Amino acid sequence: MATNQETAVIKAHMDRIPSALSPELVERIAADRASGYVNPYRCNDDQVIRRIDRAADKGTLMRPAFMRDTEKILHLPAYTRYAGKTQVFSFRSNDDLSRRGLHVQLVSRIARDIGRALGLNCDLIEAIGLGHDLGHTPFGHAGERFLNDIFHERTGRYFFHNVQSVRVLDALYGRNVSLQTLDGVLCHNGEYEQRVFELSDMGSFDQFDQTVEDCIATGYSAIEHLRPMTLEGCVVRISDILAYVGRDRQDAIAAGLLSPDAFDDGRGGAYNSWILTHASIDIVEHSYGKPRIEMSEDLFEEIRRAKRENYEKIYSKGGIEGDSEAELREAFVKLYDRCLRDLNSGDESSYIFKHHISRIEQQLSYYDRTYAWQDDKDQAVVDYIASMTDGYFCELTSKLFPGLEFPHRTYINER
């Protein structure tokens, strides 16, 4: 807990970040719009790059190219499952706590607000925002960590939810999503804050596929250097941080983990409104008309401070709590081994065949593609486990391994 003097220093720093655009920029934006000015750095629909040049995916007046990507994403089974996946807190039955589905909507909304002010392509922003976590595991980053540990120990490769999100869109469902959307999804990396977001030179699927392989093979050394190829991807990347840094505080308070006065800035749950307003203003003020996305030093330092405090007070203590973490890790290990054994034995009565492989094969058959699960059975197991909701995971592991028990959920006691 910060002292009164420390809180006063933080507030003084935060007060330096404006809550409204400067009159000069307001006048400039108004004049640009009146003249029909188009941001020369935006990604236009006619710049779309797809893996397959398919007539059905051509943009039209009614359905522009990147709007088609959004619609492809919305109709995926993986999108539906967002609603059943942890954002931060697992094993809590409070319906007011955020789930992964709300998070991606918030990211999309925040990014669209910023993108509209900057004159960017909001259809592309929406597609990246809604698709960026499609490959996330059940139980949030704890689940991601468990699955990566197992996968890496067995294969030497790495599992990251952003890479898996690309795989969901590009390989598992074969939706022919654009390179720009896939690149934004891969590079969203909300765990890595930067003050200035410069663009990469990504321009082809050959480059992209090699980048994905590098992430799988080398891990963080490749992940931490990812840069989006579009300003739209850059806006989603910073919006991912903005969407969770304040909202997670509200959820921690609602979950009873922390009291409203536990945070050093003294704003409690109201910090969410503050950061969304001030950060959006700051980013637009410092990025308008530029070939990059940037923010002030003051905002950058505040985001770093707030994230650091969240890690100390929420992420290191919330989510998978107490003995539940060890039990859940054990469940991931057992389930991985069981699924791999069923694949090796060809047991088609197994849930991995019934609930995963057969469904993926059916989806791909619409596009004359196949799921080569036999060529990489470890990857097939990862595909299955990563696709699960929290509830499905708990029910399946309890059925397969009756000795495993997860915390009892009681709505009344948590209200």
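Three helices, α8 (161–172), α10 (205–218) and α18 (377–387), each contribute at least two residues to the lining of the second largest pocket. Helices here are DSSP runs of H or I with at least four residues, strands being E runs of at least two, and both are numbered from the N terminus. The model is a predicted one, in which local features require pLDDT of at least 70 and side-chain atom pairs count only at pLDDT 80 or more, whereas totals for chains, interfaces and linings use all residues. Residues are numbered from 1 along each chain as its sequence is written, and side-chain values use heavy atoms, with hydrogens and water left out.

The volume of the second largest pocket is about 420 Å³. The 20 residues that line this pocket include Arg167, Ala171, Val212, Glu213 and Ile216, which are the closest to its centre. A pocket is an open set of points on a 1 Å grid over the protein atoms alone, where a 1.4 Å probe fits, with protein on both sides within 12 Å along at least five of seven lines; lining residues have an atom within 4 Å of a point. Grid points are joined across faces, edges and corners, and the volume is the space filled by probe spheres set on the points. The largest contribution to the lining comes from α8, with 6 residues. By class, the lining comprises 11 nonpolar, 2 polar and 7 charged residues; Ala, Val, Leu, Ile, Met, Phe, Trp, Tyr, Cys and Pro count as nonpolar, Asp, Glu, Lys and Arg as charged, and the others, Gly among them, as polar.

Most residues other than glycine have a negative phi. Phe139, in the loop between α6 (122–131) and α7 (140–155), has a positive phi near 65°. A positive phi of about 55° is found at Asp368, also not a glycine, in the loop between α17 (351–365) and α18. Phe139 counts as buried because its relative accessibility is 2%, whereas Asp368, at 77%, counts as exposed. Buried denotes under 20% relative accessible area and exposed over 50%, with partly exposed in between (1.4 Å probe, protein chains only).

The number of disulfides is 0, a disulfide being a pair of cysteine sulfur atoms within 2.5 Å. The sulfur of Cys234 lies 8.5 Å from the closest cysteine sulfur, that of Cys187, and is therefore too far for a bond. Cys234 is buried, at 0% relative accessibility. For Cys339, the closest cysteine sulfur belongs to Cys394 at 15 Å, again too far for a bond. Cys339 is likewise buried, with a relative accessibility of 4%.
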